[in-house]
Structure formats: structure tokens, C-alpha cells
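Biologist: Please take me through this model one feature at a time, giving the general idea before each case.

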Amino acid sequence: MIIAGFSGIGKTTIARKYKNVIDLDASEYAYDEKEFLNIDIEKRKGEVRKPNPNWPNNYIEAIKNAINDYDIILVWDREDIIEEYIKNKFDFMVCYPSKNYLDNYVQRYKNRGNSDKYIEMKLNQYDNRIKLYSKLELERIILKGNETIEDWLLKNNYILKEI
């Protein structure tokens, strides 16, 4: 199962907890991170970084490799990469918070160390992402309140194997 998830749904948290789940944080593939290796990955987000010349092929290849080793693959939900998922015929769904609960996400971003610039960018992207999702024939996971992707998977009887 491939889930393209909006920022803050709990992708990294669940991947650290279960051995059959991987979070393929695309920033490690999309950007040349050499200058930022001494900065926490969440604090790098929103910074201007050099693009990786291998993007998006390196990310698509990582997803293809992960399919053999993981039951749940959590991936980026940016419009350009969603087009790549479609082009590569990936069977995927999208996951995002209900708009009524975006304030919860602001706090999540702050708690994990994201910059104000990053938070503003994510909030500004929300409506466009929802418009994109509505054009695609995909299964949607819409999280409510403080619900995370882990909560949703457990509630829907997906088997998560603890590390």
C-alpha cells in the first residue's frame, strides 16, 4: 500500500514504530542535502536547497524497491511527484487532514521544529492539494481531530508489526 500523505499526518512517527512501514521522505531525494547534514531534517524543510539532478527518478526507484520490503510505503504528496506516481502506474491513495483541523497541524509543525516559513507554505498549499486530489480517482483518507495515519490504519484493521 502506497500512501501519499500531507505533511504532519504522522508518517515519520509510524515508520519509526513499525517494521513493515517506511516513510520515504522525499526531501532526501529531491535536494542536494550536503550543506544541511548538520541540521535536523525537519528544520531543513522550507530552506532553499539545490535540486538533486537525479530527481524524480531516484525517488521513483526508491519506491519501487520499497514495494518488495514493506507493506505500507508513505510518500510525498506534491503535485509534480503525484504525476510521476500516475505515470509509473503506482496504486496509491492520498491522506490529508480535514480543513477544520488544520490548527492541530500548525502545532504539530511547531512541535517538530519546522520554521514559520515552512508552516505558512504548508497552509497555503492545502487548498490546491485538495483541488488536485478531487480531480484524481483515488481513495482518500481524511483525518479528523488529532487522528494520525497510524490511528486510521489501526482503526481499519491494517496489521502493523512493531519493531
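Biologist: Which residues in α4 meet which residues in α5?

Modeller: Contact here means heavy atoms within 4.5 Å, and helices are DSSP runs of H or I with at least four residues, strands being runs of E with at least two, both numbered from the N terminus. On the α4 side the residues are Tyr-59, Ile-60 and Ile-63, and they meet Ile-81, Glu-84 and Tyr-85 in α5. This is a predicted model, in which local features need pLDDT of at least 70 and side-chain atom pairs count only at pLDDT 80 or more, whereas totals for chains, interfaces and linings use all residues. Residues are numbered from 1 along each chain as its sequence is written, and side-chain values use heavy atoms, with hydrogens and water left out.

Biologist: At what angle do the axes of α4 and α5 cross?

Modeller: Axes are lines fitted to C-alpha atoms, for helices over the stretch in contact, and angles run from 0 to 180 degrees between N-to-C directions. The axes of α4 (residues 57-67) and α5 come within 11 Å and cross at roughly 55°. That angle makes α4 oblique to α5, since angles under 35 degrees count as roughly parallel, over 145 as roughly antiparallel, 65 to 115 as roughly perpendicular and the rest as oblique. The crossing of α4 past α5 is right-handed, that is, the near helix is turned clockwise from the far one by less than a right angle.

Biologist: Which residues of α4 are buried?

Modeller: Buried means under 20% relative accessible area, exposed over 50%, and partly exposed in between, with a 1.4 Å probe and protein chains only. In α4 the buried residues are Asn-58, Tyr-59, Ile-60, Ala-62, Ile-63 and Ala-66, and what covers them includes β1, β2, α2 (27-30), β3 and α5. Asn-57, which also lies in α4, is exposed, with a relative accessible area of 56%. From C-alpha to C-alpha, Asn-57 is 8.9 Å from Glu-84 in space, although the two are 27 residues apart in sequence.

Biologist: What is the order of the strands in the open sheet?

Modeller: Two strands pair if DSSP finds at least two bridges between them. The open sheet of five strands has the order β2-β3-β1-β4-β5, with parallel pairing. Because β2 (21-23) and β5 (140-143) stand at the edges with a single partner strand each, one side of each has no neighbour in the sheet. On average, and with direction ignored, neighbouring strands are turned by 20° against each other.

Biologist: Which residues form the covered face of β5, and which the uncovered one?

Modeller: In a regular strand the side chains alternate between the two faces of the sheet. In β5 the covered face has Ile-141 and Leu-143, while Arg-140 and Ile-142 are on the uncovered one. Both Ile-141 and Leu-143 are among the contacts of Ile-149, beyond its neighbours within four places in sequence.

Biologist: Which helix lies across β4 and β5?

Modeller: That is α7 (residues 116-135), which runs at about 145° to β4. The axes of α6 (residues 102-111) and α7 come within 10 Å and cross at roughly 150°, and the two helices are therefore roughly antiparallel to each other. Their contact includes Leu-102, Val-106 and Tyr-109 of α6, and Tyr-118, Ile-119 and Leu-123 of α7. Arg-129, also placed in α7, is buried, with a relative accessible area of 7%, and its contacts include Phe-6, Asp-77 and Glu-79.

Biologist: Which peptide bond is cis, and what is the phi of Lys-89?

Modeller: Most residues other than glycine have a negative phi, and most peptide bonds are trans. Here the bond from Trp-55 to Pro-56 is cis, with omega near 0°, and Pro-56 lies in the loop between α3 (41-44) and α4. Lys-89 has a positive phi, near 60°; this residue lies in the loop between α5 and β4 and is exposed, with a relative accessible area of 72%.
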